[in-house]
Amino acid sequence: MMPAPRVLLGPQRPVVNIGTAIRDAGISEGPIAVISAGWQEAEGDIADVHGAVGLHLEDLALYRRAEALMAEESAMAEAYRIRQDRLIEQQRLYRLRLKPLAQAARAVWRCEADPDLIAAEKRHAIAQLRALDRHHLHRTELIHREFESRFGSDSNDRLRRHIDEVRDALQRCRAVIVTGGNVTILLNRMRLFNVTPSIAPLPIISWSAGAMVLAERIVLFHDRTPEGRREPEVLGAGLGIVRGSVVLPDATHRLRRNDRPRMAAFSRRFAPANCYALDNGSMLRLDGGEVSAANAVSRLRRDGRIVPVQPR
């Protein structure tokens, strides 16, 4: 049995290409499940998606489910709040260590020196960043698992009922759409309702934050903030449905693409994963982890160049 396709898209404004992606993936019948938990006000308002797709959609309403659950489960709500506070604090501590390491790595990367000497220093600089990223992933997962061990579906009837309803809805669907929005909220809701086992066998079409959350690691990045350059940082583990990839939405506006030392350090830091740059109008299809189709998608190379992605 062939693995279900994963289609990753860039932002859906101004060009909307979700409908083309659905058709190219061979999905001609519904219903299609929609996960749009990234913004409270956007959930339930899927008229734009329906207009682009033209098939019956089933909104899983993960945001509303979570709000209703927390209103009924005060102990869970308090533990959830504490978990989020701890994750924010963990991210702050990670950034304190990340900034000087990233600055030093770039300085080494730009340094002119004996090739044999500087090559070893470059490798070690990247190894230090990778070690910090691994440590941060481990720490964030411990925080998540502590909460999940106390408030999993095995110990909470209300949560288990929601998980069962979501699973039953997904069993009726032909595919899944995961929209953009706030990547942290989206990840938290999808983890809370344990959607991964149910959506993994289905074709998945996603964009922006929805594409990021499917990867093994969620990497936040922005080289052009009003405050200046922001170091690329690992937010935490994604759902791991799309493997071997780091998803970079709106890359043209967010990356200093002509800064080759910066792009080289970025690419090597997250290797062997492919760093895919997705802009508005981009479409990347993966079948069994291999690129089977690509339109307006770029990849960061180890030498710092950004090159178009070609299907294998």
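Predicted model: local features only at pLDDT ≥ 70, side-chain atom pairs only at ≥ 80, totals over all residues.

Residues are numbered from 1 along each chain as its sequence is written, and side-chain values use heavy atoms, with hydrogens and water left out.

I placed Arg-285 in strand E9, residues 274–287. (Helices, H or I with at least four residues, and strands, E with at least two, are DSSP runs numbered from the N terminus.) Leaving aside neighbours within four places in sequence, Arg-285 is in contact (heavy atoms within 4.5 Å) with residues including Pro-5, Val-7, Ala-25 and Glu-290.

Next I checked helix packing. H4 and H5 pack at about 180°, with axes 10 Å apart. Axes are lines fitted to C-alpha atoms, for helices over the stretch in contact, and angles run from 0 to 180 degrees between N-to-C directions. That makes H4 roughly antiparallel to H5; the cut-offs are under 35 degrees for roughly parallel, over 145 for roughly antiparallel, 65 to 115 for roughly perpendicular, and oblique for the rest.

H5 (residues 115–150) also packs with H7 (residues 183–192), at an angle of about 40° with axes 12 Å apart. So H5 is oblique to H7. In that contact, Glu-141, His-144, Phe-147 and Glu-148 of H5 meet Asn-188, Arg-191 and Leu-192 of H7.

How many aromatic pairs does a search of the whole structure find? I got 3, counting rings of Phe, Tyr and Trp (its six-membered ring) with centres within 6.5 Å; planes under 30 degrees apart are stacked, over 60 edge-to-face and the rest tilted. Tyr-80 and Phe-147 form an edge-to-face pair, 5.8 Å centre to centre with 75° between the planes. Tyr-80 sits in H4 and Phe-147 in H5, so the pair ties together parts 67 residues apart in sequence.

Last, the backbone. Most residues other than glycine have a negative phi, and most peptide bonds are trans. Ala-61 is not a glycine, yet has a positive phi of about 55°. The bond from Arg-13 to Pro-14 is cis, with omega near 0°, and a cis bond also joins Ala-271 and Pro-272, with omega about 10°.
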